[in-house]
Structure formats: C-alpha cells, structure tokens
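Colleague: I'd like a close look at one part of this model. Please take it step by step.

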Amino acid sequence: MARRSAPEVNAGSMADIAFLLLIFFLVTTTIETDSGISRKLPPPQEDNIDPPVLKQKNIFVVEVNKNNDLLVEEAPMELGDLREAAMKFLDNGGGTGEDKCDYCQGDRDPSSSDNPTKAVISLRNNRETTYSTYIAVQNELVAAYTALRNREAQRLFGKSFVQMEKDLKDVNYPGNKEALKEDIKKIQFLFPEKLSEAEPRK
C-alpha cells in the first residue's frame, strides 16, 4: 500500500501578513514624548564679574511655601490672580528719563517697576512644594509675558506673538522668515522674559 505524502502548508503568505501587521502597528502606535518646562540656562560667567545692581522696586518676588501657599511681595495671593499681578508689574512703566517706557499701558506707579526691560520676576520655592504647584505658578508667570507680547505683536504687526512663533516653525509659511525672526526679536526685546529662580528654602 502506497504511503500518502503529508500535505504541505503554504506559508508564503504568512510573511506578507506579518509584514503588513508590523506596518500597521508602526503607523497606528503613538510614541510618548517627555514634556517639561522650556528654559534656557544663562551662559557661564567669569568669577570676577560683579552682578548687575537691581533696584528693589524692579524685582517682583513670588514665593511658594511648603504648604503650597502663594506669597507675592510678602502678601498672600490666590493662584488665579497671579497672572494679572505679574502683568501689572511688568507693564507698569513707572520710569523716567532713560528708563521711560513709551509702550507701557500700566499705572506708571513710581514705586513699582520702571520698565519691562528692567523688571525681574524672582520665584522662590520651598523644597517641600509640590511639583504640580511649581508648574502651575511657572505657567501663570510665563502666561503673563505671553499676554503682553501678544498685545504688542498685535499692535505692531497685526497678529499675536504666539501666531508669529507658529509661523516661524511652519515649513509651509509663505512669507519672509528672516523678517519674521527679526519681528519676533523686537517683541522679545520689549518684554524680555526675566524669570529668576532663587535657591529653594528648606
């Protein structure tokens, strides 16, 4: 009696299916990206250079204690009021002479900041401050700068500063990117982001 040969399974198409599944998973899978606070470290300075002298009225002190309570200029404040308070300080324009600010729309209080180019926001955290509170305070302070930059960009160039930065990153932007880059620098010069972080307290 003749032996029957075992039937063979055609596995040629299995490789194609595996390849198609691999492509499908590569296309549909999302890769998690780390997010954080965008900060540029200052360049290293020589030891013999003295730090610039700052007037106390040009420093806006923001402090977060270990209980996550917010103190602004040594007075308690709610997080929701921080952005407006920072904007009021930055846009005060209380300087005279060389420190005069022509584009400021603030109260021009002589006891507050002279000029946005001179104004510094000093942030101090306690080592026991929660990370979420730290981020929330940072976001409000950066939002204050962004709001003022948006206002000036709208006044000078007819569109927001945020939109200008988007256009600069857009590979399909039809305009002159070099001119746009210069316009962005002009706005950044009017409201430079001077956010200083002091050593955390224990």
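Which residues have the most contacts inside the largest nonpolar core, and how many residues does this core have?

Modeller: Bear in mind that this is a predicted model. The largest nonpolar core has 31 residues. Those with the most contacts inside it are Phe60, Val62, Leu82, Ile121, Val137 and Leu141. At least two residues each come from the strands β1 (59-64), β2 (70-72) and β4 (120-125). The helices α2 (79-90), α3 (131-157), α4 (161-169) and α5 (177-190) also each supply at least two. The largest share is from α3, with seven residues.

Take Ile121 as a way in. Leaving out residues up to four places away in sequence, Ile121 touches Phe60, Val62, Ala86, Leu90, Leu141, Tyr145, Lys194, Leu195 and Ser196.

Now the sheet. Five strands form an open sheet in the order β3-β2-β1-β4-β5, and the pairing is mixed. β3 (75-76) and β5 (195-197) are at the edges with a single partner strand each, so one side of each has no neighbour in the sheet. β1 and β2 run antiparallel and are joined by three bridges. Val64 stands opposite Leu70 in β2.

β1 and α2 also turn up elsewhere. Each gives two or more residues to the lining of the second largest pocket. α2 gives the most, three residues. That pocket holds about 230 Å³ of space. Its lining has 13 residues, with Lys88, Phe89, Asn92, Asp109 and Ser112 nearest the centre. By type, the lining splits into four nonpolar, four polar and five charged residues.

How values were computed: Residues numbered from 1 in each chain as written. Predicted model: local features only at pLDDT ≥ 70, side-chain atom pairs only at ≥ 80, totals over all residues. Heavy atoms only, no water. Core = buried A, V, L, I, M, F, W, Y, C linked by side-chain atoms within 4.5 Å. Buried < 20%, exposed > 50% of the residue type's maximum accessible area, 1.4 Å probe, protein only. Helix = DSSP H or I, 4+ residues; strand = E, 2+ residues; numbered from the N terminus. Contact = heavy atoms within 4.5 Å. 1 Å grid on protein atoms, 1.4 Å probe; cavity = no way out; pocket = protein on both sides within 12 Å on 5 of 7 lines; lining within 4 Å. Points joined across faces, edges and corners; volume = space filled by probe spheres on them. Nonpolar A, V, L, I, M, F, W, Y, C, P; charged D, E, K, R; others polar. Pairing = 2+ DSSP bridges.
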